[in-house]
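Morning, everyone. Please look at the structure on the screen while I talk.

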Amino acid sequence: MNKVNFKLNRAGVRELMKSGDMMGVVTEYARQIRSRAGDGYEVSQYVGKSRVNASVYTDTYKAKKDNLEHNTLLKARGGGA
């Protein structure tokens with residue numbers, strides 16, 4: 001069996017993680033979660049130090065209360081019981 005040497009192009013990975021295409025991917029996931037969560041939730045996105053980020057957050061008091069009582073965001077993401 002032959003050994004395979006693999007060298008990661010770190011600059012290329014860094015560029016990919018901060019790219020507009022990657023922003024589109026993470027934003028789409030966040031929008032899907034927001035749509036499953038219901039009214040009162042919003043999406044934000046930004047380019048951080050090492051990668052793009054997207055998050056879903058509560059934007060109204062009603063949504064905050066709903067999330068506190070029912071773990072709505074966790075369940076909408078697919079990680080809740």
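Start with a term: a residue is buried under 20% relative accessible area, exposed over 50%, and partly exposed in between, using a 1.4 Å probe and protein chains only. F6 has a relative accessible area of 71%, so F6 is exposed. Now the ground rules. This is a predicted model, where local features need pLDDT of at least 70, side-chain atom pairs count only at pLDDT 80 or more, and totals for chains, interfaces and linings use all residues. Residues are numbered from 1 along each chain as its sequence is written, and side-chain values use heavy atoms, with hydrogens and water left out.

Back to F6. F6 sits in the segment before α1 (10-17). Helices here are DSSP runs of H or I, at least four residues, and strands are runs of E, at least two, numbered from the N terminus. Together with L8 and V13, F6 forms a nonpolar surface patch of about 320 Å² accessible area. Patch members have over 30% relative accessible area and no salt bridge; nonpolar side chains (Val, Leu, Ile, Met, Phe, Trp, Tyr) are joined within 5 Å, like charges within 9 Å. The areas come from the Shrake-Rupley method with a 1.4 Å probe, and for residues only the protein chains shown count as cover.

Next, salt bridges. That means a Lys or Arg side-chain nitrogen within 4 Å of an Asp or Glu carboxyl oxygen. How many salt bridges does a search of the whole structure find? One. E69 pairs with K65, with the closest N and O atoms 4.0 Å apart. Both lie in helix α3 (residues 61-70), four residues apart, so about one helical turn separates them. K65 is partly exposed, at 41%.
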